[in-house]
Amino acid sequence: MYTLSSKLKLFSIILVVVGAIGLTIGFVSAPSTIEEVKEMMAEHDAHGGGHGDTHATTDTHATDGHGTETHGKEDAHGGDAHYEHTLHQLQNKPWAALYVAAFFFFMIALGVLAFYAIQFASQAGWSPVLFRVMEAITAYLVPGGIILFVILALSGFHINHLFVWADPEVVAHDKLLQGKASWLNGGWFIFRAAFFLGGWMLYRHFAVKYSRKQDEDATGNKWYKKSFKIAAGFLVFFIYTESMASWDWIMSFDPHWFSTLFGWYVFASLFVSGITTIALITIYLKSKGYLEFVNNSHIHDLAKFMFGVSIFWTYLWFSQFMLIWYSNIPEEVTYFITRIEDYKLPFFGMLVMNFIFPLLVLMNSDYKRINWFVVMAGVIILCGHYVDVFNMVMPATVGESWFIGVTEISAVLLFLGLFLFVVFKALTKAPLLAKGNPYIEESKHFHY
(Lines give C-alpha, C1' and ligand atoms only; values in the text may rest on other atoms or scores of the structure.)
Protein backbone atom coordinates (compact mmCIF):
# COMPACT_ATOMS: atom_id res chain seq x y z
CA MET A 1 0.00 0.00 0.00
CA TYR A 2 1.12 3.51 -0.75
CA THR A 3 1.34 6.00 2.11
CA LEU A 4 0.96 9.71 1.38
CA SER A 5 3.98 11.45 2.87
CA SER A 6 3.44 14.47 5.08
CA LYS A 7 5.87 16.47 2.94
CA LEU A 8 3.93 15.86 -0.27
CA LYS A 9 0.64 16.56 1.49
CA LEU A 10 1.98 19.83 2.93
CA PHE A 11 3.48 20.80 -0.43
CA SER A 12 0.18 20.33 -2.24
CA ILE A 13 -1.72 22.30 0.42
CA ILE A 14 0.80 25.15 0.19
CA LEU A 15 0.36 25.23 -3.59
CA VAL A 16 -3.42 25.45 -3.20
CA VAL A 17 -3.22 28.23 -0.61
CA VAL A 18 -0.65 30.28 -2.52
CA GLY A 19 -2.60 29.80 -5.75
CA ALA A 20 -5.88 30.83 -4.13
CA ILE A 21 -4.31 33.95 -2.66
CA GLY A 22 -2.75 34.91 -5.98
CA LEU A 23 -6.01 34.36 -7.86
CA THR A 24 -7.89 36.44 -5.32
CA ILE A 25 -5.39 39.25 -5.83
CA GLY A 26 -5.87 38.91 -9.59
CA PHE A 27 -9.66 39.22 -9.35
CA VAL A 28 -9.51 42.11 -6.87
CA SER A 29 -6.90 44.05 -8.84
CA ALA A 30 -8.78 43.77 -12.15
CA PRO A 31 -9.88 47.25 -13.25
CA SER A 32 -13.55 48.16 -12.87
CA THR A 33 -13.65 51.49 -14.71
CA ILE A 34 -12.21 53.04 -17.86
CA GLU A 35 -10.31 55.53 -15.69
CA GLU A 36 -8.46 52.69 -13.98
CA VAL A 37 -7.56 51.28 -17.38
CA LYS A 38 -6.17 54.66 -18.48
CA GLU A 39 -4.05 54.85 -15.32
CA MET A 40 -2.76 51.30 -15.82
CA MET A 41 -1.88 51.95 -19.45
CA ALA A 42 -0.17 55.23 -18.59
CA GLU A 43 1.88 53.47 -15.91
CA HIS A 44 2.65 50.64 -18.34
CA ASP A 45 3.89 53.09 -20.98
CA ALA A 46 5.95 54.96 -18.39
CA HIS A 47 7.81 51.75 -17.57
CA GLY A 48 8.69 51.03 -21.18
CA GLY A 49 5.70 48.88 -22.08
CA GLY A 50 5.84 45.28 -23.18
CA HIS A 51 4.83 43.03 -25.99
CA GLY A 52 1.63 44.99 -26.58
CA ASP A 53 3.54 48.13 -27.58
CA THR A 54 4.81 46.51 -30.75
CA HIS A 55 1.34 46.92 -32.23
CA ALA A 56 0.54 50.55 -32.88
CA THR A 57 -2.67 49.62 -34.63
CA THR A 58 -4.75 46.53 -35.09
CA ASP A 59 -6.15 45.47 -38.41
CA THR A 60 -8.24 42.47 -37.47
CA HIS A 61 -11.78 41.21 -37.26
CA ALA A 62 -11.62 39.93 -33.71
CA THR A 63 -13.98 39.54 -30.79
CA ASP A 64 -12.99 40.31 -27.25
CA GLY A 65 -14.32 38.29 -24.33
CA HIS A 66 -17.16 40.74 -23.67
CA GLY A 67 -18.48 40.61 -27.18
CA THR A 68 -16.98 43.83 -28.49
CA GLU A 69 -16.01 43.41 -32.13
CA THR A 70 -13.20 45.36 -33.75
CA HIS A 71 -13.27 46.05 -37.47
CA GLY A 72 -10.48 47.66 -39.44
CA LYS A 73 -7.80 49.92 -38.07
CA GLU A 74 -8.08 51.36 -34.62
CA ASP A 75 -5.59 53.64 -32.89
CA ALA A 76 -4.01 51.63 -30.10
CA HIS A 77 -4.06 54.54 -27.64
CA GLY A 78 -7.00 56.65 -28.74
CA GLY A 79 -10.70 56.88 -27.93
CA ASP A 80 -12.88 55.56 -25.12
CA ALA A 81 -13.94 52.65 -27.32
CA HIS A 82 -10.43 51.28 -27.13
CA TYR A 83 -10.26 51.77 -23.37
CA GLU A 84 -13.62 50.04 -22.93
CA HIS A 85 -12.39 47.20 -25.13
CA THR A 86 -9.25 46.88 -22.97
CA LEU A 87 -11.36 47.08 -19.80
CA HIS A 88 -13.40 44.07 -20.90
CA GLN A 89 -10.24 42.14 -21.73
CA LEU A 90 -8.57 42.88 -18.39
CA GLN A 91 -11.73 41.95 -16.51
CA ASN A 92 -11.75 38.66 -18.38
CA LYS A 93 -8.08 37.96 -17.66
CA PRO A 94 -8.42 36.32 -14.19
CA TRP A 95 -11.43 34.31 -15.38
CA ALA A 96 -9.54 33.14 -18.46
CA ALA A 97 -6.47 32.20 -16.39
CA LEU A 98 -8.70 30.23 -14.02
CA TYR A 99 -10.41 28.50 -16.94
CA VAL A 100 -7.17 27.57 -18.73
CA ALA A 101 -5.70 25.94 -15.62
CA ALA A 102 -8.98 24.22 -14.67
CA PHE A 103 -9.41 22.77 -18.16
CA PHE A 104 -5.75 21.75 -18.48
CA PHE A 105 -5.65 19.62 -15.33
CA PHE A 106 -9.09 18.19 -16.01
CA MET A 107 -8.06 17.18 -19.53
CA ILE A 108 -5.06 15.28 -18.10
CA ALA A 109 -7.41 13.12 -15.99
CA LEU A 110 -9.76 12.69 -18.96
CA GLY A 111 -6.88 11.64 -21.21
CA VAL A 112 -5.82 9.02 -18.67
CA LEU A 113 -9.40 7.74 -18.45
CA ALA A 114 -9.48 7.21 -22.22
CA PHE A 115 -6.07 5.50 -22.16
CA TYR A 116 -7.24 3.28 -19.29
CA ALA A 117 -10.36 2.24 -21.21
CA ILE A 118 -8.28 1.48 -24.30
CA GLN A 119 -6.13 -0.93 -22.25
CA PHE A 120 -9.22 -2.93 -21.29
CA ALA A 121 -10.90 -2.78 -24.69
CA SER A 122 -7.71 -3.95 -26.42
CA GLN A 123 -6.97 -6.53 -23.69
CA ALA A 124 -3.45 -5.14 -23.43
CA GLY A 125 -1.01 -7.39 -21.60
CA TRP A 126 1.79 -4.90 -20.89
CA SER A 127 -0.08 -2.27 -18.88
CA PRO A 128 -2.02 -3.81 -15.92
CA VAL A 129 0.86 -3.04 -13.51
CA LEU A 130 0.13 0.64 -14.20
CA PHE A 131 -3.64 0.42 -13.64
CA ARG A 132 -3.58 1.71 -10.06
CA VAL A 133 -1.64 4.77 -11.16
CA MET A 134 -4.19 5.40 -13.92
CA GLU A 135 -7.11 4.93 -11.53
CA ALA A 136 -5.55 7.41 -9.09
CA ILE A 137 -5.08 10.07 -11.76
CA THR A 138 -8.67 9.68 -12.94
CA ALA A 139 -9.82 10.35 -9.37
CA TYR A 140 -9.25 14.02 -10.21
CA LEU A 141 -12.19 13.84 -12.66
CA VAL A 142 -14.68 14.39 -9.85
CA PRO A 143 -13.33 17.53 -8.10
CA GLY A 144 -11.82 18.86 -11.32
CA GLY A 145 -15.05 18.22 -13.23
CA ILE A 146 -17.17 19.94 -10.58
CA ILE A 147 -14.95 23.02 -10.62
CA LEU A 148 -14.95 23.12 -14.42
CA PHE A 149 -18.74 22.73 -14.46
CA VAL A 150 -19.18 25.67 -12.09
CA ILE A 151 -17.01 27.88 -14.31
CA LEU A 152 -18.90 26.73 -17.41
CA ALA A 153 -22.24 27.44 -15.71
CA LEU A 154 -21.12 30.94 -14.74
CA SER A 155 -19.98 31.48 -18.32
CA GLY A 156 -23.03 29.95 -20.00
CA PHE A 157 -25.40 32.15 -18.01
CA HIS A 158 -23.23 35.22 -18.70
CA ILE A 159 -22.27 35.82 -15.07
CA ASN A 160 -18.77 36.22 -16.40
CA HIS A 161 -18.02 37.25 -19.99
CA LEU A 162 -15.80 34.49 -21.33
CA PHE A 163 -18.16 33.33 -24.08
CA VAL A 164 -19.31 35.98 -26.55
CA TRP A 165 -22.38 33.99 -27.61
CA ALA A 166 -23.69 34.07 -24.02
CA ASP A 167 -24.24 37.86 -24.22
CA PRO A 168 -27.81 38.57 -25.47
CA GLU A 169 -26.83 42.05 -26.61
CA VAL A 170 -24.12 40.69 -28.88
CA VAL A 171 -26.34 37.94 -30.27
CA ALA A 172 -29.05 40.49 -31.06
CA HIS A 173 -26.70 42.23 -33.50
CA ASP A 174 -24.95 39.17 -34.91
CA LYS A 175 -26.73 37.12 -37.60
CA LEU A 176 -24.19 34.31 -37.42
CA LEU A 177 -24.60 33.87 -33.66
CA GLN A 178 -28.37 33.99 -34.08
CA GLY A 179 -28.05 31.08 -36.50
CA LYS A 180 -26.08 29.10 -33.90
CA ALA A 181 -28.33 30.05 -30.97
CA SER A 182 -30.17 26.72 -31.02
CA TRP A 183 -26.87 25.07 -30.00
CA LEU A 184 -25.01 27.89 -28.29
CA ASN A 185 -27.38 28.96 -25.53
CA GLY A 186 -26.91 28.88 -21.78
CA GLY A 187 -29.42 26.20 -20.79
CA TRP A 188 -28.55 23.69 -23.51
CA PHE A 189 -24.83 24.40 -23.03
CA ILE A 190 -25.00 23.61 -19.30
CA PHE A 191 -27.11 20.50 -19.87
CA ARG A 192 -24.56 19.15 -22.35
CA ALA A 193 -21.72 19.84 -19.93
CA ALA A 194 -23.54 17.97 -17.15
CA PHE A 195 -24.24 15.07 -19.53
CA PHE A 196 -20.62 14.81 -20.70
CA LEU A 197 -19.13 15.07 -17.21
CA GLY A 198 -21.71 12.74 -15.72
CA GLY A 199 -21.05 10.07 -18.34
CA TRP A 200 -17.29 10.21 -17.91
CA MET A 201 -17.51 10.11 -14.10
CA LEU A 202 -20.02 7.25 -14.23
CA TYR A 203 -17.66 5.13 -16.31
CA ARG A 204 -14.79 5.92 -13.97
CA HIS A 205 -16.87 4.92 -10.95
CA PHE A 206 -17.80 1.51 -12.35
CA ALA A 207 -14.37 0.86 -13.88
CA VAL A 208 -12.65 1.35 -10.52
CA LYS A 209 -15.38 -0.61 -8.71
CA TYR A 210 -14.98 -3.60 -11.05
CA SER A 211 -11.19 -3.40 -10.79
CA ARG A 212 -11.40 -3.67 -7.00
CA LYS A 213 -13.95 -6.49 -7.24
CA GLN A 214 -11.67 -8.43 -9.58
CA ASP A 215 -8.93 -8.30 -6.95
CA GLU A 216 -11.27 -10.00 -4.48
CA ASP A 217 -12.62 -12.58 -6.96
CA ALA A 218 -10.56 -15.77 -6.74
CA THR A 219 -12.96 -17.85 -8.82
CA GLY A 220 -12.75 -16.31 -12.31
CA ASN A 221 -12.75 -13.25 -14.52
CA LYS A 222 -16.35 -12.15 -14.10
CA TRP A 223 -15.46 -8.56 -13.17
CA TYR A 224 -12.74 -8.30 -15.79
CA LYS A 225 -15.26 -9.22 -18.49
CA LYS A 226 -17.58 -6.52 -17.18
CA SER A 227 -14.67 -4.07 -17.26
CA PHE A 228 -14.04 -5.03 -20.88
CA LYS A 229 -17.66 -4.44 -21.90
CA ILE A 230 -18.07 -1.07 -20.22
CA ALA A 231 -14.68 0.08 -21.57
CA ALA A 232 -15.76 -0.70 -25.14
CA GLY A 233 -19.06 1.11 -24.62
CA PHE A 234 -17.38 4.06 -22.95
CA LEU A 235 -14.94 4.57 -25.82
CA VAL A 236 -17.83 4.97 -28.26
CA PHE A 237 -19.48 7.44 -25.88
CA PHE A 238 -16.19 9.23 -25.28
CA ILE A 239 -15.22 9.83 -28.91
CA TYR A 240 -18.52 11.62 -29.55
CA THR A 241 -18.77 13.54 -26.29
CA GLU A 242 -15.12 14.61 -26.27
CA SER A 243 -15.55 16.16 -29.72
CA MET A 244 -18.71 18.00 -28.70
CA ALA A 245 -17.12 19.13 -25.44
CA SER A 246 -14.15 20.55 -27.37
CA TRP A 247 -16.56 22.49 -29.60
CA ASP A 248 -18.47 23.81 -26.60
CA TRP A 249 -15.69 24.46 -24.12
CA ILE A 250 -12.89 25.64 -26.41
CA MET A 251 -13.92 26.29 -30.02
CA SER A 252 -16.98 28.38 -29.09
CA PHE A 253 -14.68 31.04 -27.65
CA ASP A 254 -14.34 31.96 -31.33
CA PRO A 255 -17.94 31.34 -32.45
CA HIS A 256 -17.40 32.80 -35.95
CA TRP A 257 -14.73 30.18 -36.64
CA PHE A 258 -14.80 26.40 -36.77
CA SER A 259 -12.57 23.50 -37.72
CA THR A 260 -13.73 19.97 -38.47
CA LEU A 261 -10.43 18.71 -37.02
CA PHE A 262 -10.82 20.47 -33.70
CA GLY A 263 -12.22 17.55 -31.69
CA TRP A 264 -9.32 15.34 -32.75
CA TYR A 265 -6.83 18.13 -32.09
CA VAL A 266 -8.01 18.57 -28.50
CA PHE A 267 -8.11 14.79 -28.06
CA ALA A 268 -4.46 14.47 -29.11
CA SER A 269 -3.51 17.17 -26.60
CA LEU A 270 -5.36 15.61 -23.67
CA PHE A 271 -4.24 12.09 -24.64
CA VAL A 272 -0.51 12.83 -24.72
CA SER A 273 -0.80 14.96 -21.55
CA GLY A 274 -2.49 12.08 -19.74
CA ILE A 275 0.05 9.48 -20.86
CA THR A 276 2.91 11.81 -19.92
CA THR A 277 1.44 12.25 -16.44
CA ILE A 278 1.20 8.46 -16.01
CA ALA A 279 4.92 8.21 -16.86
CA LEU A 280 5.94 11.02 -14.48
CA ILE A 281 3.97 9.67 -11.52
CA THR A 282 5.18 6.12 -12.17
CA ILE A 283 8.80 7.25 -12.22
CA TYR A 284 8.25 9.27 -9.04
CA LEU A 285 6.73 6.30 -7.22
CA LYS A 286 9.58 4.03 -8.33
CA SER A 287 12.08 6.57 -7.02
CA LYS A 288 10.37 6.26 -3.63
CA GLY A 289 10.64 2.47 -3.61
CA TYR A 290 7.14 1.64 -4.84
CA LEU A 291 6.04 -0.17 -8.04
CA GLU A 292 8.94 -2.63 -7.92
CA PHE A 293 7.06 -4.70 -10.54
CA VAL A 294 7.32 -1.86 -13.09
CA ASN A 295 10.44 -2.22 -15.21
CA ASN A 296 12.25 -0.17 -17.85
CA SER A 297 10.19 -1.76 -20.60
CA HIS A 298 7.00 -0.27 -19.15
CA ILE A 299 8.63 3.16 -19.03
CA HIS A 300 9.88 2.60 -22.58
CA ASP A 301 6.34 1.87 -23.80
CA LEU A 302 4.93 4.95 -22.07
CA ALA A 303 7.68 7.03 -23.68
CA LYS A 304 6.81 5.50 -27.06
CA PHE A 305 3.24 6.68 -26.60
CA MET A 306 4.49 10.12 -25.57
CA PHE A 307 6.57 10.27 -28.74
CA GLY A 308 3.94 8.82 -31.05
CA VAL A 309 1.02 10.94 -29.85
CA SER A 310 3.22 14.06 -29.97
CA ILE A 311 3.78 13.33 -33.66
CA PHE A 312 0.04 12.71 -34.08
CA TRP A 313 -0.72 16.05 -32.40
CA THR A 314 1.73 17.76 -34.78
CA TYR A 315 0.08 16.14 -37.78
CA LEU A 316 -3.30 17.50 -36.69
CA TRP A 317 -1.86 20.94 -35.88
CA PHE A 318 -0.20 21.16 -39.29
CA SER A 319 -3.28 19.85 -41.13
CA GLN A 320 -5.50 22.42 -39.44
CA PHE A 321 -3.08 25.32 -39.73
CA MET A 322 -1.69 24.84 -43.24
CA LEU A 323 -5.00 24.25 -45.02
CA ILE A 324 -6.54 27.34 -43.45
CA TRP A 325 -3.42 29.46 -43.93
CA TYR A 326 -2.92 28.42 -47.55
CA SER A 327 -6.57 28.92 -48.58
CA ASN A 328 -6.46 32.36 -46.92
CA ILE A 329 -10.24 32.72 -46.57
CA PRO A 330 -10.79 35.78 -44.32
CA GLU A 331 -13.42 34.13 -42.09
CA GLU A 332 -11.06 31.22 -41.38
CA VAL A 333 -7.56 32.67 -41.40
CA THR A 334 -8.44 35.35 -38.82
CA TYR A 335 -8.14 32.71 -36.11
CA PHE A 336 -4.43 32.24 -36.83
CA ILE A 337 -3.65 35.85 -37.73
CA THR A 338 -4.68 37.06 -34.27
CA ARG A 339 -2.52 34.38 -32.65
CA ILE A 340 0.53 34.97 -34.82
CA GLU A 341 0.36 38.76 -34.44
CA ASP A 342 -0.47 38.98 -30.73
CA TYR A 343 0.74 35.59 -29.43
CA LYS A 344 3.81 34.95 -31.53
CA LEU A 345 6.02 33.60 -28.72
CA PRO A 346 3.51 31.15 -27.17
CA PHE A 347 2.14 30.17 -30.59
CA PHE A 348 5.47 29.11 -32.08
CA GLY A 349 7.01 28.21 -28.72
CA MET A 350 4.24 25.65 -28.27
CA LEU A 351 5.28 24.00 -31.53
CA VAL A 352 8.86 23.66 -30.29
CA MET A 353 7.79 22.18 -26.94
CA ASN A 354 5.15 19.83 -28.34
CA PHE A 355 6.89 18.61 -31.49
CA ILE A 356 10.54 19.49 -31.98
CA PHE A 357 11.67 18.77 -28.41
CA PRO A 358 9.91 15.37 -28.06
CA LEU A 359 11.08 14.46 -31.56
CA LEU A 360 14.73 15.08 -30.74
CA VAL A 361 14.70 13.68 -27.21
CA LEU A 362 12.46 10.62 -27.55
CA MET A 363 13.30 9.41 -31.05
CA ASN A 364 16.18 7.25 -29.81
CA SER A 365 14.87 3.98 -28.34
CA ASP A 366 17.57 3.82 -25.64
CA TYR A 367 16.65 7.25 -24.29
CA LYS A 368 13.11 6.05 -23.64
CA ARG A 369 14.50 3.78 -20.91
CA ILE A 370 16.38 6.56 -19.10
CA ASN A 371 14.10 7.93 -16.40
CA TRP A 372 15.51 11.43 -16.20
CA PHE A 373 15.29 11.76 -19.97
CA VAL A 374 11.62 10.77 -19.88
CA VAL A 375 10.97 13.16 -16.98
CA MET A 376 12.66 16.05 -18.81
CA ALA A 377 10.67 15.36 -21.97
CA GLY A 378 7.47 14.93 -19.96
CA VAL A 379 7.78 18.25 -18.14
CA ILE A 380 8.36 20.07 -21.44
CA ILE A 381 5.41 18.27 -23.08
CA LEU A 382 3.05 19.20 -20.23
CA CYS A 383 4.21 22.82 -20.28
CA GLY A 384 3.76 22.84 -24.04
CA HIS A 385 0.19 21.61 -23.84
CA TYR A 386 -0.65 24.12 -21.14
CA VAL A 387 0.55 26.78 -23.58
CA ASP A 388 -1.57 25.08 -26.25
CA VAL A 389 -4.71 25.52 -24.11
CA PHE A 390 -3.57 29.07 -23.33
CA ASN A 391 -3.36 29.79 -27.07
CA MET A 392 -6.83 28.35 -27.68
CA VAL A 393 -8.53 30.37 -24.93
CA MET A 394 -6.73 33.66 -24.38
CA PRO A 395 -6.88 35.36 -27.82
CA ALA A 396 -10.69 35.30 -27.83
CA THR A 397 -11.12 36.29 -24.18
CA VAL A 398 -8.18 38.55 -23.34
CA GLY A 399 -6.96 39.53 -26.80
CA GLU A 400 -3.82 41.62 -27.03
CA SER A 401 -4.01 42.46 -23.28
CA TRP A 402 -2.41 39.14 -22.31
CA PHE A 403 0.71 38.61 -20.25
CA ILE A 404 1.92 35.85 -17.93
CA GLY A 405 1.46 37.35 -14.50
CA VAL A 406 0.42 36.54 -10.95
CA THR A 407 -3.04 35.38 -12.02
CA GLU A 408 -1.85 32.82 -14.57
CA ILE A 409 0.88 31.43 -12.31
CA SER A 410 -1.45 31.31 -9.30
CA ALA A 411 -4.14 29.42 -11.24
CA VAL A 412 -1.61 26.77 -12.25
CA LEU A 413 -0.33 26.46 -8.66
CA LEU A 414 -3.87 26.16 -7.29
CA PHE A 415 -4.89 23.33 -9.62
CA LEU A 416 -1.49 21.64 -9.49
CA GLY A 417 -1.76 21.46 -5.68
CA LEU A 418 -5.31 20.12 -5.86
CA PHE A 419 -4.32 17.61 -8.56
CA LEU A 420 -1.35 16.28 -6.57
CA PHE A 421 -3.37 15.97 -3.37
CA VAL A 422 -6.30 14.16 -5.00
CA VAL A 423 -4.15 11.80 -7.07
CA PHE A 424 -1.73 10.76 -4.35
CA LYS A 425 -4.54 10.49 -1.81
CA ALA A 426 -6.33 8.14 -4.23
CA LEU A 427 -3.19 5.99 -4.45
CA THR A 428 -3.59 5.15 -0.76
CA LYS A 429 -7.06 3.64 -1.30
CA ALA A 430 -5.97 0.32 -2.81
CA PRO A 431 -2.88 -1.88 -3.27
CA LEU A 432 -0.60 -0.62 -6.05
CA LEU A 433 -0.86 -3.92 -7.91
CA ALA A 434 -4.13 -4.96 -9.57
CA LYS A 435 -3.45 -8.57 -8.60
CA GLY A 436 -6.79 -9.95 -9.83
CA ASN A 437 -6.29 -8.85 -13.43
CA PRO A 438 -5.90 -11.96 -15.67
CA TYR A 439 -2.98 -10.33 -17.51
CA ILE A 440 -1.08 -9.27 -14.41
CA GLU A 441 1.62 -11.95 -14.66
CA GLU A 442 2.23 -11.14 -18.32
CA SER A 443 2.49 -7.48 -17.38
CA LYS A 444 4.92 -8.13 -14.51
CA HIS A 445 7.21 -10.08 -16.84
CA PHE A 446 6.84 -7.73 -19.78
CA HIS A 447 10.08 -7.02 -21.64
CA TYR A 448 10.48 -5.15 -24.87
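## Ground rules

Buried means under 20% relative accessible area, exposed means over 50%, and partly exposed is anything in between (1.4 Å probe, protein chains only). The model is predicted, so local features need pLDDT of at least 70 and side-chain atom pairs count only at pLDDT 80 or more, while totals for chains, interfaces and linings use all residues. Residues are numbered from 1 along each chain as its sequence is written, and side-chain values use heavy atoms, with hydrogens and water left out.

## Salt bridges inside helices

A salt bridge here is a side-chain nitrogen of Lys or Arg within 4 Å of a carboxyl oxygen of Asp or Glu. Count them up that way and you get eight salt bridges. You'll find both in helix H16 (residues 440–444), three residues apart, or about one turn of the helix. Helices are DSSP runs (H or I, at least four residues), numbered from the N terminus.

Within it, the side chains of Arg 132 and Glu 135 form a salt bridge of 3.1 Å, N to O. Arg 132 and Glu 135 sit in helix H4 (residues 131–138), three residues apart, again about one turn of the helix. Why does Arg 132 count as buried? Its relative accessible area is 4%. Glu 135 is buried as well, with a relative accessible area of 2%.

## A salt bridge between two helices

Where does Asp 248 find its salt-bridge partner? That partner is Arg 192, and the closest N and O atoms are 2.6 Å apart. The pair links distant parts of the chain, with Asp 248 in helix H9 and Arg 192 in helix H8, 56 residues apart. Both Asp 248 and Arg 192 are buried.

Helix H8 (186–216) and helix H9 (222–249) have a loop between them, and that loop is where Ala 218 sits. Ala 218 is out in the open: it counts as exposed because its relative accessible area is 80%. Take the C-alpha atoms of Ala 218 and His 173, and you get 66 Å of separation for residues 45 apart along the chain.

## Other spots in the helices

Glu 39 belongs to helix H2 (residues 34–46) and is exposed, with a relative accessible area of 56%. Gln 119, by contrast, is in helix H3 (residues 80–121) and counts as buried at 3% relative accessibility.

Over in helix H14 (residues 371–397) there's Ile 380, partly exposed with a relative accessible area of 24%. What is the C-alpha to C-alpha spacing of Ile 380 and Met 353? It comes to 5.9 Å, for residues 27 apart in sequence.

Most residues other than glycine have a negative phi. His 158 isn't a glycine, yet its phi is positive, about 65°. His 158 lies in the loop between helix H5 (141–156) and helix H6 (168–172).

Asn 328 is another non-glycine with a positive phi, of about 55°. Look for Asn 328 in the loop between helix H11 (296–327) and helix H12 (330–342).
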